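Colleague: Before I use this model, I would like to know what stands behind the terms in its description. Please go through them with me.

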Amino acid sequence: MKPWKIATVLGLVVFALIVLVPFWWIATMSFKTYEQIQFAQSIYVPRPFTWENYTGLWLETRFPIWFRNSVVTAMVVTIITTVIACLSGYAVARLRFPGREAIATLILVLYLVPPALLFIPLYRVLAELGATNSLMALFLSYPTFTVPFCTWLLIGFFKALPTELEEAALVDGATRPQALVRVLLPLAAPGIVASAIFAFTLSWNEFLYALIFITDETATTVPVGLNLLIYGDVFHWGQLMAASVITTVPVVALYMFIHRWMVEGLAAGAVKG
Amino acid sequence: MLSRADAGGRIEASRRHPRRGDTGTAILLLLPLLVLVVGLIVYPIYRAVWLSFTDKLVGYPERFVGLRNYIYLANDDAFHTVVRNSLVFTVSSVALKIVTGLAMALVLHATWRWRNFFRGLMLLPWITSTVIIALTWRWMFDSFPGRGFFNSVLLDLGLLSRPVAFMATPEGAMLAVVIANWWRGFPFFGVSYLAGMQSIPGELYEAASVDGAGSWRRFWHVTLPGLKHIIIVTTLLTFIFTINDFNIIYVMTRGGPGTATQVFATYSYEVAFNQLRWGRGVTISIFAVPLLIAGIALVSRYLLRERTA
Amino acid sequence: MRDRRLSRRSLLTGAVGASAALALPRVAAPQIKKGANLRLWILKTYVEPTNKAVEAAAQRWAQKHGAQVTVEYFTFEDMQTKYVAAIENKNTPDVGQLETGAPARFAGMGQLLDLTTFARQVEGDIGKAPANVAPVTVLGGKTYALPWYIMPAFWYVWRDEFEKKKVKLPSTFEDAKAAATALNRPNDNFYGLGQSWNRTADGYGVMQGLMYSYGVGWANKDGKYQSIKNAKMQQVMKWATDIYKEGIQPADTLSWTGSQNNEAFIAKKIAQTSNGPSITFALENALAKATDAKDKKMREDAVANHVALPHPAGPDGRRCWGLALSFGVFKTAKDPEAAMSLIAHLLSPEETVRVMNDSHGQFSPVLDKARAATRDYFGKNENYRNFGRAAEWFVATGWPGPVTAAAAEVQASNVLTDAPAKVIVDKWSVDQAIDWADKKIKEIYDTLGA
């Protein structure tokens with residue numbers, strides 16, 4: 001038993017290091033000055049420690065705008081996605097109608113359609129709608145990948161819930177929509193929260209569509225903004241690192257609270273098939 | 001929506017014939033999804049296919065050219081490189097992820113205290129923005145000691161006398177992007193396998209022990225078969241996503257040096273948006289579709305087996 | 001209607017006489033309706049004060065005329081794609097700042113207004129551009145854009161490194177390579193040269209400078225395709241690939257982004273590099289921001305020690321590619337007169353000088369009177385004097401022919417920098433790479449005509 005215990009602890013340490021070292025590296029650099037980075041001074045622990053990258057980022061660059069755009073987009077898309085996913089997931093999980101299996105398959109297949117295939121024609125469609133160069137383009141295009149995934153997730157969740165309570169509600173005279181809202185949703189809350197978090201995260205992290213659909217750098221999101229910061233002339237590595245840290249922290253914080261549900265959701269999706 | 005009277009009749013109906021006649025409701029509920037799907041997925045796909053048969057150059061009107069784009073790409077050695085790179089990138093990342101995912105699941109499975117904490121910790125790469133992951137690993141591999149983790153550490157440990165430009169060679173660049181992709185993805189594998197392991201009945205292990213199987217044999221004959229379904233599903237899913245991955249390679253190397261790390265998605269972007277050839281750009285993505293369809297078909301078969309119960 | 005009014009004005013100014021025109025500090029603007037609303041696209045340079053200065057100049061025009069100007073930016077990286085996307089989506093700006101190949105390209109697509117008459121008026125008021133700049137804006141005898149300034153490249157070197165090893169400051173590409181070999185100290189992490197064949201102006205601009213200085217052009221004087229499979233191109237490719245093979249550059253140079261050569265130079269990791277004046281700006285800026293005495297001294301030394309030499313010459317002459325920025329009016333503009341008024345305002349010597357003062361020598365105005373007005377500014381020191389002379393060495397894309405849509409496409413397709421990259425990374429032979437590039441160029445000319 002002992003050797004296994006040691007192996008396990010060693011394994012945990014190794015994996016923890018693998019996961020944490022890259023984060024630590026950028027966090028460290030975010031507290032260094034440009035010179036410290038350029039001239040390789042105080043590599044592992046910044047001495048002196050400086051906040052100038054964070055303040056500079058917030059005050060001198062467009063980062064606050066990008067951050068706001070990312071937040072707005074993620075929230076709008078999450079709402080759209082959760083509503084559609086709940087409705088659709090419920091329909092597929094609970095209702096019987098011809099073509100139900102086909103729809104279920106379609107949803108899965110849709111999730112697997114690569115943005116790399118869609119981005120060119122989608123660009124033209126959105127341009128024709130006049131939606132390009134604004135967040136509207138993202139509001140319209142992001143659901144194309146968040147909705148299938150979240151619907152799939154919720155189908156699994158809804159299916160796993162017992163039907164008796166709903167049946168009882170129906171017998172008591174509730175309509176289907178009422179049964180959905182009053183009985184099923186509270187039960188499925190963990191799944192719905194997980195789905196919302198996924199939608200938020202997918203939206204927050206998305207890059208390709210934002211890169212292509214929005215060319216005005218005052219209207220774009222953080223991932224694209226970060227990318228823009230790099231390909232300038234002389235620029236601030238430290239600020240870029242600071243931006244990375246700031247962008248990651250909210251998601252990590254959010255995730256700390258709900259990671260249990262998130263993992264359950266993941267597991268439900270993966271294990272239950 | 002439905003009135004009380006309908007509800008009454010409906011309940012009557014459902015008592016007699018459980019869950020029939022839902023089609024109306026279903027259509028209503030599914031309407032948003034169908035609008036989204038047809039308008040923003042199916043229609044663009046149709047236009048993509050149409051575009052691939054034209055010579056559309058941005059700013060100029062398009063002309064129908066039949067299979068010219070397809071023939072051009074089939075004979076273009078840059079495209080051959082792209083196909084090769086995409087496969088190398090995908091297969092290497094997936095293989096690494098499977099192996100480390102299993103290791104991670106085993107380690108977590110054997111952990112009793114703080115398992116949730118560690119499991120949460122290890123999912124951190126999975127929830128981080130891919131752009132940030134790509135940037136981070138680009139810096140990790142950077143050739144300036146102040147920025148590059150590996151160069152700093154190896155130089156300080158005396159294992160290197162001069163900084164190495166890891167990403168300057170084709171092999172090095174491919175290795176770098178594979179590692180970044182692996183780091184991002186292996187936690188998902190680990191957590192899935194862990195969930196899978198937790199659902200393997202304990203009796204199977206006991207039975208194996210009774211038969212005299214050591215830990216390795218137990219792993220091989222109980223754990224792995226029990227995980228077969230998950231391993232297949234996750235592998236197929238990751239294969240599908242990775243073969244069309246854009247973010248990591250674009251941010252880390254832009255497909256360079258030369259075309260050493262150019263893959264389907266990045267090459268399609270380059271041709272469409274830098275060379276402004278939309279016809280050819282779309283065709284590049286379409287070439288990946290057969291692989292995609294094969295992958296999707298397999299995944300559907302596996303995943304849907306249980307759903308249709 | 002519009003043309004009639006303008007020609008009447010030019011008749012009038014002509015009648016009053018050149019001296020009277022000289023006396024006017026700026027061009028008398030055509031009457032524009034109050035409440036005009038214009039969208040102006042300008043290049044976001046790496047020198048932020050310049051960008052702000054241009055925007056301020058535009059806003060001054062707006063205030064004067066009770067009009068509105070919305071300024072939007074494009075960057076070095078996306079300047080081609082952004083315009084073309086706007087053309088595709090039919091939402092081009094009213095006035096756009098156009099880089100070297102853009103007037104040819106967009107006029108070829110039928111997107112730009114013919115500004116010939118307006119140009120003649122501007123010529124009368126502010127003067128002409130030098131002959132080597134004219135091809136950028138004139139196509140088929142018609143003028144489609146008004147040139148404002150050139151943003152050229154210079155050959156930056158660290159004087160102290162050269163003095164230490166007693167190497168002469170380089171004047172030709174061969175000199176530069178020899179100097180790089182002499183100054184190379186890889187064990188100290190210091191290299192003689194930093195030239196990346198990447199997909200930015202630092203890459204394709206230098207490649208063109210190299211080609212043109214050796215007398216190689218992919219188009220002939222009439223702008224038609226000509227083959228580059230000749231001995232001169234072999235020499236060009238040899239220079240381009242030897243600098244990698246001989247270890248006189250940092251190992252990862254080929255994968256550098258647009259800014260890494262700047263960083264490497266400023267951090268004194270390389271002795272020479274090609275760049276626009278933004279390096280001078282960066283050094284001057286750092287000096288201005290320096291706080292403690294030691295820091296300040298270090299920065300003063302840096303400013304004193306860095307030299308911006310004229311871009312190297314080849315056996316055929318000294319030809320340097322640069323960004324020639326001009327203003328064009330898109331056909332979608334609802335108020336062309338307001339657009340032209342805005343352009344005239346921005347091009348005036350008065351406004352040009354104001355923007356110049358915030359540009360840290362980044363750009364070299366091209367119209368006569370504007371050049372004259374900025375002579376003092378460029379007299380600041382040796383570097384600035386070179387900045388001011390940039391127009392002398394400028395050649396446009398597609399030399400020796402005019403700038404055509406096809407030539408611009410060749411530049412945009414990155415074939416020029418991909419060719420040496422194939423030799424260096426994919427280990428092709430020089431002949432193979434030249435053949436490949438030639439084929440690609442021919443293909444472009446076949447598709448786009450001209």
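Modeller: I will start with chain C: the C-alpha centres of its domain 1 and domain 2 lie 30 Å apart. This is a predicted model, in which local features need pLDDT of at least 70 and side-chain atom pairs count only at pLDDT 80 or more, while totals for chains, interfaces and linings use all residues. Residues are numbered from 1 along each chain as its sequence is written, and chains are lettered from A and ligands numbered from 1 in the order in which they are written.

Colleague: What makes up domain 1 and domain 2 of chain C?

Modeller: Domain 1 of chain C takes 2-152 + 321-394, and domain 2 takes 154-310 + 413-448. The bounds come from an automatic or database domain assignment.

Colleague: How many residues does the contact take from each of these domains of chain C?

Modeller: Domain 1 of chain C gives 15 residues and domain 2 of chain C gives 17. A contact here is a pair of residues whose C-beta atoms, placed from the backbone, lie within 7 Å.

Colleague: Which elements each supply at least two residues of the domain 1 side in chain C?

Modeller: They are β6 (146-152), β10 (320-329) and α18 (382-388) of chain C. The largest share, three residues, comes from α18(C). Helices are DSSP runs of H or I with at least four residues, strands are runs of E with at least two, and both are numbered from the N terminus.

Colleague: How do the residues of that side of domain 1 of chain C divide by class?

Modeller: Nine are nonpolar, five polar and one charged. Ala, Val, Leu, Ile, Met, Phe, Trp, Tyr, Cys and Pro count as nonpolar, Asp, Glu, Lys and Arg as charged, and the others, Gly among them, as polar.

Colleague: How many helices and strands does chain C have, and why is chain C called as compact as a globular protein of its length?

Modeller: Chain C has 22 helices and 12 strands. Its radius of gyration is 22 Å, close to the 22 Å that the globule rule gives for 450 residues, so chain C is as compact as a globular protein of that length. The radius is taken over C-alpha atoms, and the rule is 2.2 Å times the number of residues to the power 0.38. Along its principal axes, the C-alpha trace of chain C spans about 70 × 60 × 40 Å.

Colleague: Why is C:T116 called partly exposed?

Modeller: C:T116 has 13 other C-beta atoms within 10 Å, so it is partly exposed. Buried needs 20 or more other C-beta atoms within 10 Å of the residue's own, exposed 12 or fewer, and partly exposed is in between, with C-beta atoms placed from the backbone. C:T116 lies in helix α6 (residues 116-126) of chain C. Leaving aside neighbours within four places in sequence, C:T116 is in contact with C:K142 and C:T143.

Colleague: What share of chain C counts as buried?

Modeller: Of its 450 residues, 56% count as buried.

Colleague: Which residues touch the most other members of the largest nonpolar core?

Modeller: Among its 318 residues, they are C:I150, C:L342 and C:I343. Such a core is a set of buried Ala, Val, Leu, Ile, Met, Phe, Trp, Tyr and Cys residues joined through C-beta atoms within 7 Å. Not counting residues up to four places away in sequence, C:I343 touches C:V95, C:L146 and C:F327.

Colleague: How many residues does the contact between chain A and chain B take from each?

Modeller: It takes 80 from chain A and 87 from chain B. Helix α13 (residues 237-271) of chain A gives the most to the chain A side, with 15 residues.

Technical notes
Contact = placed C-beta atoms within 7 Å.
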